[in-house]
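Subject: A structure for you to look at

Hi,

I'm passing a structure on to you, with some notes on what turned up in it. Have a look through it first, and then read on below.

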Amino acid sequence: MSRIKELQKNLFGGSTSNARQFGMIFTLIAVIVYFQVRTDGLTLTPTNLIALTQQGAYISILSIGMLMVIVAGHIDLSVGSVAAFTGIVVAKAITENDIPWPIGILIGLGVGALIGAFQGFWVAYIGVPAFIVTLAGMLLFRGGNQYIGNAETITVPKGFQKIGSGYLPDIGPETNYNNPTLLLGLLICVAVVIREFRARKVRQQMEGAEPTPLWVSLVRLGVLLAVILFATFRFAGGRVGTSFPISGIILAVLVVAYSFYTRNTAGGRHIYAVGGNARAAELSGVKLRRVNFFVMMNMSILASLAGMIFVARSAASGPQDGLNWELDAIAAVFIGGAAVSGGLGTISGAIVGGLVMAVLTNGLQLIGTGADKVQIIKGLFLLAAVAFDVYNKSQGRFSIVGSLMRPFRRDTPADPVALAEASREEEKAPAAG
Amino acid sequence: MRKFYSSAMAVGTAALLALSMSACGSERDGDGDDAGSGKGFKKDALIGVALPSKTSENWVLAGGLFESGLKDAGFKFDVQYANASSPVADQQAQITAMTTKGAKVIVIGATDAAQLSTQVEAAKKSGAVVIAYDRLITGTKDLDYYVAFDNFKVGQLQGQALIDGMKAKKATGPWTVELFSGSPDDNNSGVFFNGAMDVLKPLIDKGDIVVGSGQKDIQQTATQGWKAENAQTRMDSLLTSTYNTGGKTLDGVLSPNDTLARAIIQSVKSAGKPIPVVTGQDSEVESVKSIMAGEQYSTINKDTRKLVAETINMVKALQGGNEPTVNDTKSYDNKAKVVPSFLLPPVIVTKANAAQAYADDPKLAPLTK
């Protein structure tokens, strides 16, 4: 039993070892397998994986920012409107004022930063609740989108469309696969191996730290590499002219950067401190206002990026852009295990949460379920995912939220009672997703 | 024991790796040929139909007709409506899903005419033929055909009906009117409006028709999302701003469709004013009732059954490897190419000719008795 526990503890959480993502990843795998069977293998075809990445990229970018906002104990309802507003400003700038599109992107990010600074100012320095500020922002910038765009749809040039619907180019020798994608996959594999062995080394050198058993490391590596290789060949083997989408690369870079920031830097940890207990954090020297200002501003910048990617994917900026995006992003964050009261949650959790929703929608569409039923199923799924977790927590069983709440609990493998209890927990764990 | 585990795991890992490699089918082989070019396809191939959200009866009716029509013709079909909360993104995803499933023809009633070019391009590349249904898709050269009613003609008929209706009530001008147009993200809205203005403009210039509020251009008159509530709100405001004081009476309202027409009439009624001449389009059940009751003045009969039947004829022609019939190859420029179109003629319906116009319609005929 202890081996299963070791495996579960170490397989999915990296060196910080936590079982919390296990439930959600298990759900994700279950959903993928279910639809892979139901659609006769369409779900994991290159075309569909590429489409999924492009469809999910902009919502996932939003959920990175939303996770940080929610961890800090706030909420942002304005992201859809900010995205739409930025989209129309950039589209107009590029098409009507003949600004080159790379500068258009910079303008877009600048607009996002300005809006973010505006909203952050009210939240952090005046103390208006973020709910109210961003509700106002939602109206303000939706109206702004229609005022500037005359509620028309404005087409953007081909170059700009690349960030939303472009792919890694086909270069190098003919291998029947997209070479840059293969290279990218290989690099990720190397990075994963190096990271694993570095982590082991660090643990071995650290006094009192128990290194992950070798076989667990190997299994973890094996599973990770298999998944990466599988994905690489799938993405590289898409129809000629398609490969790993550029929007996916943007998302991946952001996920890595923000995960590092929230996990390993003082600034990132301050966000958790503020969300966990603002007074205590302030008394410990965290600059409360600066943290609040930063998360709100950061959110709007990411929203503007998401807006531009959507416009690029749609080839045009329209008056219905960004409708209800905030709800999708918030759902992803909560399915990924964040707490409504703040202080808890991870970026990878939010991404997995978003992935589960995206695969669910995509799978239902592939088997031809109507939009009405898709919405009903998604609604129930959201409720069930969070309710199950909360219920299990109140019953003292394995819980995604619950396991987050006791990060300092030490496992005591020497104690047979605890061990038996722990292994009983594990048996229920898979169902917890 | 430990050794056993680690070797077992190593074997398992290797097996997993091998599995993942072997499962990596590439879609690159034998692809890239431009399918759908006159060769036809299997009789029971999948046909995708992507329609906007269920905001008007017409789309619901069309969806049902597509399902039964395609089924009778022996095709597999996938008829989808976009959801109402984020329709554009949802429709994009639906079209992509149809492409993934290998649909041979994809019929699209666009939610936003300009935001589908990426998906249409992907569909075309995978070998599907793309037909725009009722709403032209702009900005892509990969759109193959367009099937619709002659919408400029619809606008002209609406303009003429407005004039006729007002003349019947008050023989000579000047008449005071208000103008409404459809959603700015729908390519048809401008076509309807321009058609109507084609008839109304000369009289406006002469001073026989006066736009009471002065709101004459398409941005000012637009109804976002074709939503009844937006039209009703705008009419409420117009009545307050222009017709509340000063004794101006409203003689007519140009409304682009029935849903908006009823919203406008509702607004006028709740303000306690006499109902002006209101035009419409689509022959919705409630509006036909309203016309028979003498409230709404006119509607347009665009028989959805004929339009769907014509679209399915195209699909059948494509299946057999034939070129579908078109009757207009120069009017509909989608900014990337002139799209070959099949246009059906619309019919204006007022109380006078309703019984005759709907004689063949099982749902509407009883209402006109």
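Contact here means that heavy atoms of two residues lie within 4.5 Å of each other. Please also keep in mind that this is a predicted model.

With that in hand, let's begin with A:T181. Leaving out residues up to four places away in sequence, A:T181 touches A:L168, A:T232, A:F235, A:A236, A:S243 and A:F244. A:T181 is part of helix α8 of chain A, which covers residues 179–205. Is A:T181 buried or exposed? Its relative accessibility is 4%, and buried means under 20%, so A:T181 counts as buried.

The helix around A:T181 is worth a look too. The buried residues of α8(A) are A:N179, A:P180, A:T181, A:G185, A:C189, A:V192, A:E196 and A:R200. What do they pack against? Their partner is α9 (214–236) of chain A. The length of α8(A) also checks out: at 1.5 Å a residue, its 27 residues should span 39 Å, and its end C-alpha atoms are 39 Å apart, which agrees.

Now for the chains as a whole. Chain A has 433 residues, and buried residues make up 55% of them. Its secondary structure comprises 18 helices and two strands. Taking contacts in chain A between residues at least 6 apart in sequence, 78% join residues at least 24 apart.

Chain B has 369 residues, of which 55% are buried. Here there are 12 helices and 12 strands. Of the contacts in chain B between residues at least 6 apart in sequence, 70% join residues at least 24 apart.

One residue of chain B that has contacts in both chains is B:S117. Setting aside neighbours within four places in sequence, B:S117 is in contact with A:S314 and A:A315, and also with B:T138, B:G139 and B:T140. B:S117 belongs to helix α4 of chain B, residues 117–125. With a relative accessibility of 7%, B:S117 counts as buried.

Next, the second largest pocket. It has a volume of about 830 Å³. There are 38 residues lining this pocket, and the closest to its centre are B:T55, B:R135, B:S183, B:G225 and B:W226. The lining divides into 13 nonpolar, 16 polar and nine charged residues. Which helices each supply at least two residues of the lining? Among them are α6 (130–149) of chain A and, from chain B, α2 (57–72), α6 (187–206), α8 (228–242) and α11 (304–319). And where does the pocket lie relative to the domains of chain B? Domain 1 (46–143 + 304–344) and domain 2 (151–302 + 349–368) both give residues to the lining of the second largest pocket, so it lies between them.

Finally, a point about the backbone. Most residues other than glycine have a negative phi. B:W226 sits in the loop between α7 (218–221) and α8 of chain B, and it is buried, with a relative accessible area of 15%. B:S283 likewise has a positive phi, of about 55 degrees, although it is not a glycine. You will find B:S283 in the loop between β9 (277–278) and α10 (285–292) of chain B. B:S283 is buried, with a relative accessible area of 8%.

Technical notes. Residues numbered from 1 in each chain as written. Chains lettered and ligands numbered in written order. Predicted model: local features only at pLDDT ≥ 70, side-chain atom pairs only at ≥ 80, totals over all residues. Heavy atoms only, no water. 1 Å grid on protein atoms, 1.4 Å probe; cavity = no way out; pocket = protein on both sides within 12 Å on 5 of 7 lines; lining within 4 Å. Points joined across faces, edges and corners; volume = space filled by probe spheres on them. Helix = DSSP H or I, 4+ residues; strand = E, 2+ residues; numbered from the N terminus. Nonpolar A, V, L, I, M, F, W, Y, C, P; charged D, E, K, R; others polar. Domains from an automatic or database assignment. Buried < 20%, exposed > 50% of the residue type's maximum accessible area, 1.4 Å probe, protein only. Expected span 1.5 Å × (residues − 1).
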